[in-house]
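This report looks at how the parts of a protein model meet. It takes up domains, chains and charged pairs in turn.

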Amino acid sequence: MALMEVKDLSMRFGGIIAVDDLSFEVEEGSITALIGPNGAGKTSAFNCLTGFYRPTSGSIYYKGEPLVGLKPYQITYKKVLRTFQNVRLFKNMTVLENVKSGAHSISSQFVLGALLRTKAQRKEEKEILENALSCLEFIGISDLKDKVVKNLSYGNQRRVEWARALAAKPELLLLDEPAAGLNAEEKENLIDLIRRFREELGITVFLIEHDMSLVMKVSEKITVLNFGKKIAEGTPAEVQANPLVIDAYLGTDDDKEGSAWLK
Amino acid sequence: MEKQKSKFIVNSKKLGFFGDVVEKCYVLLDNKKVKWMVFAAILALAILFPLISTNYWISVMQNAMFFMLLALGLNIIVGYTGICNFGFAAHFAIGAYVTAILIRTFEWNFWLTLPISLVASIIVACIVAGPTLRLRSDYLAIVTLGFGEIVRITARNLQITGAASGLSGISRPELFGIHLTTISHWYYVFLALVVLYIIISNRIKNSRFGRALEYIREDEDAAMAMGVNTAKFKLFAFIVGAVMGGLAGSFFTVRMGAISPQSFQFIMSANILLAVVLGGMGKIPGVLIGAAFIAIFPELFRDIPFIGTARMLFFGILLVVVMIKRPQGLWPERRR
């Protein structure tokens, strides 16, 4: 059974159908991608998966349990973590404080624990700190830990966001256009990092992406979306060869230059 | 060396008026030892103050400390969580009236009224915040504003709260066999409370709960994506702040020996909010400075001829200048 199953997912905004009967699966331990041109409904679909939108119809199962109707934080508690397309960090806080937020869903102390500073609370604080530091180490930004996030470069802010998601010890990581705004070198690092997520931490990765070169290199299975509908599915090679995909990205003319760009 | 100097000038320009002083303080206070020494020195000074001062100034300082309690309570709601609250005086009125009624009408011991005051604060906070916290902050401003007025006007019209003239003749409590009657006694009681509230604020700030509140303030969606049940945490922030305000109100009652709806006007809520914003939202020393500023400044002007009668005008002008020059507050969160 697949780790996550999406069945007949539809999302309408008034008269606009953003996602139309979308079905796909994410296998455990895979790196799966959802791609499509601008406005294809990728982000709408993504927001349905993470509980930020409630789909108009259809169902989403994670480990056989339905996700539709759950609040975003409840989905996080199932160890399904997301990042945002345009980095959403806690801008006025330090990198370390940001990464500590990842541990929120795997810790439990509340008001009384904080006020009385109980033994359990101090132990948990220590664990949260160690966990955050090890995530920073994994991403390779330990030296930035005391910097306030809003003073960091965009590339580094992205890395903080990955570290933050990692701190929640996710089993499924949902990346919303992780390569947006990164330069060539940072993209190479990202590809390496996504592979390390799976190889070293055993995390299943699902990403939606605009950048074809990245998706082709890193993912094993790709679902292609256009105008909210699934138009193709398969390995990178299969998808690349699919005339429908080429049309979706480049218009209906069979443009040689365009197919070269796809590769 | 040369380079460092020019860097500093650029820095202080960016930070604006008073900013370089604060920045220097931050650098000094980074050292844990210095931090504790400064803290100890301020505490020692505060303890010795009544011995070297007049009763008038002791009572001004005690009033300033009362403001600090309220401001620290509101700081949990406004400063940490970023929830708007224009009716904080209502929470402090709840505590004050609960204690006053229990002592006057039912002849309870003051210390026994505190748990009741706490429970009442929690219940009222739930009633106000439960249905309204999902509102956007500007709507919430109006709701809390209305709530503040509702509480005041209700107190003005009920028999049990003594209507417009309020309740008087509330007996002073005993503590460790000392009957708390003189101004110095109350000075020390409030000093102890301020220290307690600082510890509470500090512990919350450095906890999972407090960090979650700050995540909500910074970005609610992202906080939710990290697993923060934002509705629950906002409600609890509101409750903690309301309880801190309510207990401060209980102590206010027995300190004054009498309360009336006059004490809980909108201007009170506004002043507490002002203390938080002026000092630097979310920052404990900032909030303390802000509260002291609000309470002490009008008194400083009082004895100066000509200005004395128009001191609130000068106070207002000064506030405007401070907010223009330092919109982030007197002692804001440090930026690196």
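A residue is called buried under 20% relative accessible area, exposed over 50%, and partly exposed in between. At 42% relative accessibility, A:K63 therefore counts as partly exposed. The model is a predicted one.

## A salt bridge within chain A

A:K63 pairs with A:E171 in a salt bridge, with the closest N and O atoms 2.5 Å apart. This pair links distant parts of the chain, 108 residues apart. A:K63 sits in the loop between β4 (57–62) and β5 (65–66) of chain A. A:E171 sits in the loop between α6 (154–166) and β7 of chain A. A:E171 is also partly exposed, with a relative accessible area of 31%.

## The two domains of chain A

Chain A is assigned two domains. Domain 1 covers 1–79 + 170–263, and domain 2 covers 90–168. Their C-alpha centres lie 27 Å apart. Domain 1 of chain A brings 20 residues to the contact, and domain 2 of chain A brings 12 residues.

Together the two domains bury about 1300 Å², with 67% of that on carbon and sulfur atoms. On the side of domain 1 of chain A, the residues that lose the most area to domain 2 are A:Y77, A:P170 and A:L193. Those three account for 30% of what that side buries.

What does the polar side of this contact look like?

Three elements of chain A each supply at least two residues of the domain 1 side: α2 (72–77), β7 (172–176) and α7 (184–201). α7(A) gives the most, with 7 residues. By class, this side of domain 1 of chain A has 13 nonpolar, 2 polar and 5 charged residues.

## A buried proline

A:P178 is found in the loop between β7 and α7 of chain A. Is A:P178 buried or exposed? A:P178 has a relative accessible area of 1%, so it is buried. Beyond its neighbours within four places in sequence, A:P178 is in contact with A:R158, A:W162, A:L190, A:L207, A:I208 and A:E209. A:V68 is 110 residues from A:P178 in sequence, and their C-alpha atoms are 24 Å apart.

## Where chain B meets chain A

The size of an interface is often given as the accessible area lost when the parts come together. Chain B and chain A bury about 3200 Å² between them, 60% of it on carbon and sulfur atoms. The contact involves 30 residues of chain B and 40 residues of chain A.

How many salt bridges join chain B and chain A? The count is 3. There are also 15 residue pairs in polar contact between these chains, both residues at pLDDT 80 or more.

On chain B, four helices each supply at least two residues of the side that touches chain A: α8 (183–205), α9 (208–218), α10 (220–225) and α11 (230–256). α9(B) gives the most, with 7 residues. The chain B side divides into 14 nonpolar, 5 polar and 11 charged residues.

One of the salt bridges runs between A:E125 and B:R211. This pair crosses between chains, from helix α5 (residues 119–139) of chain A to helix α9 of chain B. A:E125 is buried, with a relative accessible area of 16%. B:R211 is buried too, at 6% relative accessibility. The side chains of B:D221 and A:R88 also meet in a salt bridge.

## Charged pairs across the model

Side chains of opposite charge can pair when their charged atoms come close. Over all chains, the whole structure holds 23 salt bridges. The table lists some of them.

| Residue | Partner | N to O distance |
|---|---|---|
| A:K63 | A:E171 | 2.5 Å |
| B:D221 | A:R88 | 3.1 Å |
| A:E125 | B:R211 | 3.1 Å |
| B:K234 | B:E220 | 3.2 Å |

B:K234 lies in helix α11 of chain B and B:E220 in helix α10 of chain B, so their pair ties together parts 14 residues apart in sequence. B:K234 is buried, with a relative accessible area of 11%. B:E220 is partly exposed, with a relative accessible area of 33%.

Chain B also holds a network of salt bridges, which links B:K205, B:E214, B:R217 and B:E218.

Methods:
Residues are numbered from 1 along each chain as its sequence is written. Chains are lettered from A and ligands numbered from 1 in the order in which they are written. This is a predicted model: local features need pLDDT of at least 70, side-chain atom pairs count only at pLDDT 80 or more; totals for chains, interfaces and linings use all residues. Side-chain values use heavy atoms; hydrogens and water are left out. Domain bounds come from an automatic or database domain assignment. Contact means heavy atoms within 4.5 Å. Buried area is the accessible area (1.4 Å probe) that two parts lose on being put together, summed over both. Ala, Val, Leu, Ile, Met, Phe, Trp, Tyr, Cys and Pro count as nonpolar, Asp, Glu, Lys and Arg as charged, and the others, Gly among them, as polar. A salt bridge is a side-chain nitrogen of Lys or Arg within 4 Å of a carboxyl oxygen of Asp or Glu. A polar contact is a pair of N or O atoms within 3.5 Å; within protein, one must be able to donate a hydrogen and the other to accept it, and residues adjacent in sequence count only if both atoms are side-chain atoms. Buried means under 20% relative accessible area, exposed over 50%, partly exposed in between (1.4 Å probe, protein chains only).
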